[in-house]
Amino acid sequence: MFYNLNPTEAPVFIDESGRSISYKDAYEQINCMVDAIGADKKDLAFLYLDQSVSSALAYLSFLNSGQASLLIDSAQNDELKTSLLELYKPRWIWTLDEDIDRYQYAQRNCPIGYLYERIDYVPSDIHSNVAILLSTSGTTGSPKLIRLSFSNLESNAQSIKQYMQITDKDRAITTLPFFYSFGLSVLNSHLAAGARIICTNDGLFDKRFWLTMHDQKITFLAGVPFTFEMLERIRFERIKLPALRLLVEAGGKLIPERVRNFYEIARKGGFVFLVMYGQSEATARIAYVPFEQLSKKTGSIGICIPGGKLWIESNGEKVSDPGVDGELVYQGDNVMMGYACSIEDLSKPDEMKGLLRTGDIAKMDEDGFFYIIGRNKRFIKIAGLRLNLDEIESYLNNETSHPSVVYGEDEILKILVETEDESLANDAKEMIVSRFRLHPQRIQSGLVNKIPRNSSGKIQYTRLEKR
C-alpha cells in the first residue's frame with residue numbers, strides 16, 4: 001500500500017470531535033474502497049475534497065487503486081466544476097454529498113462518501129505513472145493541470161520527512177486543503193513517517209481550532225503568508241501550545257518584518273520556525289531556510305531540499321558567482337511529468353525529465369542561500385523601463401500598514417490597497433512615484449474591500465486584471 005500504511009492500532013486520523021481511526025482501520029477502509037473502484041483499467045477520477053477524514057481516505061483509496069485523480073476544492077462553484085467535467089469527462093467522481101448530475105453519472109456502492117461512475121464513459125489512454133493531477137490555478141477551475149507521478153509524491157514526502165525530522169510521534173493539523181500541493185505534502189510526509197493527522201475544516205478564528213490544537217497536542221502547524229497575517233491578528237504569541245515542535249511557512253514570500261517576528265516567537269516558545277519555497281510543479285517543496293540560519297538569512301528561500309539540486313541560469317549559462325541574478329532552476333525526482341490541457345495529454349510520458357525552470361528570478365549569496373527577486377511573468381514596461389511588480393508590491397507591503405496588491409500592463413501600473421481610507425491609496429501612489437521615479441499619470445491607485453485570494457491564500461491576479 002502506498003506510504004506503507006502498516007495495519008497497526010496506532011491512530012492515523014483524528015477529527016474535530018476527537019474520534020480517531022487507527023492505521024489498521026484506515027487500511028481496511030482503503031482496501032474496501034479500492035474494491036469498490038475496481039482495478040480493471042487505469043481511468044480518470046475527480047475527487048471533490050475538503051479537509052476531513054473522509055477526504056483523506058478517499059484520496060488514499062484512489063491513489064492505491066492506481067487511478068489518476070484530479071484533486072478539486074469541494075466548495076468550487078458549479079460552473080467551474082461543470083466546465084472541467086465537460087472537458088475531461090472522468091469515469092469516476094467522488095464527493096462528500098449527493099449533488100451530482102444523475103443523467104451522466106450513476107451512484108455506486110462506496111464505504112466512504114459517495115462514488116459515481118459515468119454512464120456513457122469512453123475509455124481513455126492515461127500514462128501508467130500518472131497518480132495525481134492538480135490545477136495550476138488553485139480553485140479557479142483552470143483546465144491546465146499538473147501531472148504528478150507516484151514517484152514524485154514518494155520522493156517529496158521522504159525529502160520533507162528527512163529535513164523536518166518528522167517521526168511517528170508527530171501530530172499535524174489540516175490548516176491547508178488537500179487539493180493544494182502544500183496541504184497535500186503535509187498529509188503525505190506525515191503518513192510516510194507513521195504520524196497522526198488531525199483533520200479539521202475549522203479556521204484560525206474558530207475557538208474549536210485552538211482547543212483541538214491544545215487537546216490533541218499538535219506538533220506541526222503549517223501556513224501560507226495569509227495564515228501568518230491572521231496569526232498576528234489573533235496574537236499567536238499569547239497562545240500556549242507546549243507540544244508545538246514545528247511552525248512552517250510556504251506558498252509565498254513573508255515580509256521580512258513578519259519573518260523576524262515569528263522567528264522571535266519560535267525562539268522564545270521553544271519550537272522551530274521554517275520558511276520554505278516550492279511550486280506545485282515540484283510536488284510542493286524545493287527549498288527551506290534552516291531555523292538556525294533564519295535570523296541571518298531573512299528574505300531568503302534558503303537551500304535546496306535533500307535529494308534535489310538548485311542553481312541560477314543567466315543567458316543559458318549556469319551562474320556560480322554570488323549576487324548575479326537569473327532564472328532559478330531546480331532538478332529532482334519530485335519534478336512533475338508535465339502539464340495537461342486535455343484528456344489526450346494524460347497519455348504523455350515524462351516530459352520534464354526531472355528539470356524545472358521555475359520562472360522565478362533569483363540570486364545566490366556567498367553562503368549558497370537563494371533569494372527570489374521577481375518572476376518572469378510579473379514584469380511590465382513603462383517608458384521603456386522594465387518594472388518588477390513583485391518588488392514593488394513587496395516594497396508597499398513593507399512600508400504600509402494595510403495589505404496592497406500591484407498589477408498592471410505596459411505603460412500602466414495599478415495599485416489597490418485593502419482599506420476604506422482613500423488617503424492611503426493616494427499615499428501608496430506617492431510612495432511609488434518617489435521610490436521608482438515614475439510619472440504620476442502612469443499609476444492608478446484605488447481601494448478594495450478584500451484582496452481576492454484562493455483557498456490557499458494566494459492572490460488571484462487574474463480577477464484583478466478584469467477590474
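The legends below describe close-up views of a predicted model. Local features need pLDDT of at least 70 and side-chain atom pairs count only at pLDDT 80 or more, while totals for chains, interfaces and linings use all residues. Residues are numbered from 1 along each chain as its sequence is written, and side-chain values use heavy atoms, with hydrogens and water left out.

**View 1. An open sheet of eight strands with mixed pairing.** The strand order is β6-β7-β5-β3-β4-β8-β9-β20. At the edges are β6 (105–108) and β20 (338–340), each of which pairs on one side only. From one strand to the next the twist averages 30 degrees. Strands (E, at least two residues) and helices (H or I, at least four) are DSSP runs, numbered from the N terminus; two strands pair if DSSP finds at least two bridges between them.

**View 2. The antiparallel pairing of β5 and β7.** Strand β5 (residues 92–95) and strand β7 (residues 114–118) are joined over four bridges. I93 stands opposite Y116 in β7.

**View 3. Helix α3 across the strands.** Helix α3 (residues 78–88) lies across β3 (44–49), β4 (68–73), β5, β6, β9 (145–149) and β20, where contact means heavy atoms within 4.5 Å. The helix runs at about 170 degrees to β3; axes are lines fitted to C-alpha atoms, for helices over the stretch in contact, and angles run from 0 to 180 degrees between N-to-C directions.

**View 4. Edge-to-face aromatic pairs Y180–F182 and F236–F271.** Rings of Phe, Tyr and Trp (its six-membered ring) pair if their centres lie within 6.5 Å; planes under 30 degrees apart count as stacked, over 60 as edge-to-face and the rest as tilted. The rings of Y180 and F182 are 6.3 Å apart centre to centre, with 75 degrees between the planes. Y180 is buried at 10% relative accessibility and F182 at 2% (buried: under 20% relative accessible area; exposed: over 50%; partly exposed: in between; 1.4 Å probe, protein chains only). For F236 and F271 the centres are 6.5 Å apart and the planes at 75 degrees. F236 lies in the loop between α7 (225–233) and β13 (246–249) and F271 in the loop between α8 (256–269) and β14 (272–277), so this pair ties together parts 35 residues apart in sequence. Both F236 and F271 are buried.

**View 5. Lysines over aromatic rings, K144 on Y339 and K297 on F369.** The charged end of K144 is 4.1 Å from the ring centre of Y339. K297 lies over the face of F369, at 5.1 Å from the ring centre. A charge sits over a ring if NZ of Lys or CZ of Arg is within 6 Å of the ring centre and within 35 degrees of the ring normal.
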